[in-house]
Amino acid sequence: MPDMVGLGALSVLDVTLAALGVALVSLILSGKRKGPLPPGPKGWPIIGNVLDMPSSYQWKTYTQWAEKWGDIISVTLLGQPIVVVSSLEHATELLERRSTLYSDRPILTVGGKIVGWDQIVVLTPYGPRFREARRLLSRWIGSRSSVARFAPMLQHETSKYLLDLRRSPEQFVNHIKKSAAAIILTMTYGYQIKGDKDPLIEIVDRAMAQFTVLTTPGTFLADIFPSLEHVPSWVPGTGWKQRALGARQDTDAMLDVPYSIVEKEMAAGTATPSFLSVNIEGNPDPTEEFQSTLKTTAGVLYAGGSDTTVSTLHSFFLAMACYPEIQKKAQQEIDAVIGNDRLPTLADQDSLPYVNAVCAELHRWNPVAPLGVTHRLVQDDVYAGYFFPKGTLITVNAWKILHDPETYKNPLDFNPGRFMGTEPETDPRPVAFGFGRRICPGLNFADASIFLSCAMMLAVFDVSKAVEYGRVIEPVVEYTSGQIRISKPSGPVQVFDQAPVCEG
Ligand code: HEM
């Protein structure tokens, strides 16, 4: 776990007093509770379940806890209740049907307030700024038809990716990353990336690298004791604060640099239409608040859309290498429906049900966000005989729901066939893309871009396990921990040409 917030900087007495304060408040509040919290590991006085909390692969521990205590469990960290929900039924009831109550985000002093991510919709509190950002996103990519207008751009960028793959197939991980970045930057800023070391990608990647670490709830003591924000940076042991202030500069650069590029291009009349240019043009006299919302909403498109797509496409390579018969079947479908004289397009999506099933299975087999993104409750609520106080954090264990053997037969197997036939298993996307008013606003865009990448790849390349000195190397299906998980290592798989690639 990163620098647990320079705890040493403050006297042990300070921290203990603060913890006692929190414990006392929660004790008083618990006296007023209209029911118990859901069951879970017992924990200790004052610190609660701090010592029970896993520092990595949290969904595995949450799954074990669900097996022991049921699909709705709770833990308390220094007075902060966290409820973990492991069934679709509970998640739907709380986050969809009661979405006016459950659509806030955790308040993070470090990642949110200091580093600035609370301005960016993924962590913006439920309120007017959040609604405005979601309105902008919904107008831009909120439906299949709004996404359809990006088909030529997606086709063009994916063709470039295939050409990169052909030139250096061993670099497939870098090519996936570059292609995902190019697609989002074109759609958001009309920006064309410049080679393999693009300066803008370096800026946004630097900010993104901080995001996962700095916004994981529980990483910083200042997220639990917000008053630590005011400890001056010169106090020894406040390395966490300097680090956060440094990260703030990266966040600001991620938002400001592309914004000013677009402004300059618009002034010169050279801007390619994009999310930003279209919205600036549509609001010739914007308020400062609107300008800031626009800037941060543009920023969230890259934040939400790059690593998630990259991770899913990693899983695609891994799955195709591990399951050659499934790859063959998908290729046969493409050959039968499309033939050999053109590449699949977005317009073919509905005619390629097996390829679509492959894409759906990627979201189920190894979900990108196994615990989704945490929601926060804005007022006291009672559910299933339990009492959730205002401020309770709600996490959905998407991994468990998507690997429930009652819903998915042999859940660890990659089997797109499960979504075919007369009795298909449940589509995993409503779980993988989150819930209620916070549901992923990029789901239609992600669906289109992942389908196109997979279909075009399958049309021209074969993926197989790597062979070294005549020996097949078995890929290990292993993923990183963290909010967005990526298969690791980059995969001992190889990519072979099947047929010539045409430029789009
Ligand atoms: C494999 C692809 C993707 C997956 C699995 C995925 C999944 C998710 C999940 C689980 C959430 C949290 C939902 C919740 O809080 O209940 C989310 C939020 C979000 N996603 Fe995605 N996402 C993907 C791609 C994208 C793309 C392509 C974009 C944009 C172009 C995007 C933009 C966002 C944004 C802005 C949020 C924050 C929404 C909010 O807090 O209101 N995502 N996504």
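## Basis

In this predicted model, local features need pLDDT of at least 70 and side-chain atom pairs count only at pLDDT 80 or more, while totals for chains, interfaces and linings use all residues. Residues are numbered from 1 along each chain as its sequence is written, and side-chain values use heavy atoms, with hydrogens and water left out.

## The iron atom

The protein gives the ligand's iron atom a single donor: Cys440, through SG, at 2.3 Å. Donors are N, O and S atoms within 2.8 Å of the metal (3.2 Å for Na, K and Ca); water is not among the atoms, so sites may look incomplete. Cys440 sits in the loop between α17 (429-432) and α18 (443-460). Helices (H or I, at least four residues) and strands (E, at least two) are DSSP runs, numbered from the N terminus.

## The shell around the ligand

The ligand is surrounded by 27 residues. The closest are Arg105, Arg134, His375, Arg438 and Cys440. By type, the shell holds 15 nonpolar, nine polar and three charged residues. Ala, Val, Leu, Ile, Met, Phe, Trp, Tyr, Cys and Pro count as nonpolar, Asp, Glu, Lys and Arg as charged, and the others, Gly among them, as polar.

Polar contacts are pairs of N or O atoms within 3.5 Å; within protein, one must be able to donate a hydrogen and the other to accept it, and residues adjacent in sequence count only if both atoms are side-chain atoms. The side chain of Arg134 has an N or O atom 2.8 Å from a ligand oxygen. For the side chain of His375, the distance from an N or O atom to a ligand oxygen is 2.8 Å. Phe435 uses a backbone N or O atom, 2.9 Å from an oxygen of the ligand. Elements giving two or more residues to the shell are α5 (128-141), α13 (288-322) and α18. The largest share, six residues, comes from α13.

## The sheet

Four strands form an open sheet in the order β1-β2-β6-β3, with mixed pairing. Strands pair if DSSP finds at least two bridges between them. β1 (72-77) and β3 (375-376) are the edge strands, each pairing on one side only. β3 and β6 (393-396) run antiparallel, joined by two bridges. Arg376 has Leu393 as its bridge partner in β6.

## Positive phi

Tyr57 is not a glycine, yet its phi is positive, near 45°. Tyr57 lies in the loop between α1 (12-31) and α2. Leu78, also not a glycine, has a positive phi of about 45°. Its loop is the one between β1 and β2.

How values were computed. A residue is near a molecule or strand if one of its heavy atoms lies within 4 Å of it.
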